[in-house]
Amino acid sequence: PLAVGLQEMNVTTKNSKEGTDAVEKMLDKQNEQNEQKSNYILVSGKVDTNNAGIGLIIDTARAGNVVHKQTVDNDNQANGPNPKGGRPIFMVLTDKNYLFVSMHGAQDGALGPKENEFNKYMIEKNQKFLNETVTGFLADKKVTEVEGAYVMGDFNDRYDAIKDFDFGNNITLKYEDDAPKACCFNWDSMANEPHYDKEKKEGDN
């Protein structure tokens with residue numbers, strides 16, 4: 001792949017053999033085996049709340065070298081272990097003018113079984129946040145066009161509410177088909193209101 005987005009990472013020190021260090025060692029082995037046809041690196045960052053980490057694996061042989069990166073916390077997380085943040089977005093620009101974004105989406109679990117309310121939250125708290133954050137990042141770097149733009153993430157978008165992104169200057173991205181389903185496949189994360197009570201009684205399977 002050209003790139004892989006990673007969320008909920010442990011950003012670790014070199015030679016710790018854990019977290020980002022373990023991923024980097026795996027990539028080193030991969031690069032040794034592929035006869036320099038690709039060159040995968042891990043670029044990562046974290047935010048203060050819970051030291052939440054996030055990253056991107058990028059093939060610099062095709063996408064170019066990283067010249068700009070920024071991590072921003074999404075403070076829209078409504079409940080859970082980090083109700084005031086800890087859901088980062090990570091943005092990277094390369095010298096070949098590729099834009100890569102990895103995001104861990106905020107959510108309000110209490111709205112989970114209420115499809116309309118949950119979708120409204122996704123649009124207002126994740127799609128809008130990502131649009132504004134990436135647009136600001138590009139404007140700050142004075143970028144008005146890109147060679148390619150890729151958004152990856154765990155959006156917690158269980159009902160597939162987010163269909164597109166708009167970063168200004170005609171830099172738009174759209175899903176061609178159904179979006180990937182969100183974690184996790186149980187009544188708390190996937191069931192909508194008509195089925196919620198029944199599935200909850202039957203257990204978390």
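Let's start with Phe 165, which is buried at a relative accessible area of 6%. Here buried means under 20% relative accessible area, exposed means over 50%, and partly exposed covers what is in between (1.4 Å probe, protein chains only). Phe 167 has 1% relative accessibility, so this residue counts as buried too. This is a predicted model: local features need pLDDT of at least 70, side-chain atom pairs count only at pLDDT 80 or more, and totals for chains, interfaces and linings use all residues. Residues are numbered from 1 along each chain as its sequence is written, and side-chain values use heavy atoms, with hydrogens and water left out.

## Rings that pair

How many aromatic pairs does the structure hold? There are five aromatic pairs. Rings of Phe, Tyr and Trp (its six-membered ring) pair if their centres lie within 6.5 Å; planes under 30 degrees apart count as stacked, over 60 as edge-to-face and the rest as tilted. In one of the pairs, the ring centres of Phe 118 and Tyr 159 are 5.9 Å apart and the planes stand at 85 degrees, so this pair is edge-to-face. Because Phe 118 lies in helix α3 and Tyr 159 in the loop between β7 (148-154) and β8 (164-166), the pair ties together parts that are 41 residues apart in sequence. Phe 118 and Tyr 159 are both buried. For Phe 165 and Phe 167, the centres are 6.3 Å apart with planes at 15 degrees, so that pair is stacked.

Tyr 98, Phe 100 and Tyr 150 form one aromatic cluster.

## The nonpolar cores

A nonpolar core is a set of buried Ala, Val, Leu, Ile, Met, Phe, Trp, Tyr and Cys residues joined through side-chain atoms within 4.5 Å. In soluble globular proteins, nonpolar side chains tend to be buried together. The largest nonpolar core has 25 residues, and those touching the most other members are Ile 89, Leu 99, Val 101, Leu 130, Val 134, Leu 138 and Phe 167. Two or more residues each come from β5 (88-94), β6 (98-104) and α3 (115-140). Which element gives the largest share? That is α3, with eight residues.

Leu 138 has contacts (heavy atoms within 4.5 Å) with Leu 93, Leu 99, Val 143, Phe 167 and Ile 171, leaving aside neighbours within four places in sequence. Another core, of twelve residues, lies apart from the largest one, and among its residues are Leu 56, Ile 58, Phe 90 and Met 152.

The chain has five helices and nine strands. These are DSSP runs numbered from the N terminus: helices are H or I with at least four residues, strands E with at least two. Two strands pair if DSSP finds at least two bridges between them. Four strands form an open sheet with mixed pairing, in the order β4-β5-β6-β7. Its edges are β4 (66-73) and β7, each with a single partner strand, so one side of each has no neighbour in the sheet. The twist averages 10 degrees from one strand to the next. β6 and β7 pair in the parallel sense over seven bridges, and Ser 102 stands opposite Met 152 in β7. Helix α3 packs on this sheet, touching β4, β5, β6 and β7, and its direction makes about 35 degrees with that of β5. For such angles, axes are lines fitted to C-alpha atoms (for helices over the stretch in contact), and values run from 0 to 180 degrees between N-to-C directions.

Three strands form another open sheet, antiparallel, in the order β1-β3-β2. Here β1 and β2 (40-46) stand at the edges with a single partner strand each, so one side of each lacks a neighbour in the sheet. β2 pairs with β3 (residues 53-59) in the antiparallel sense over seven bridges, and the bridge partner of Tyr 40 in β3 is Asp 59. Helix α1 lies across β1, β2 and β3, running at about 165 degrees to β2.
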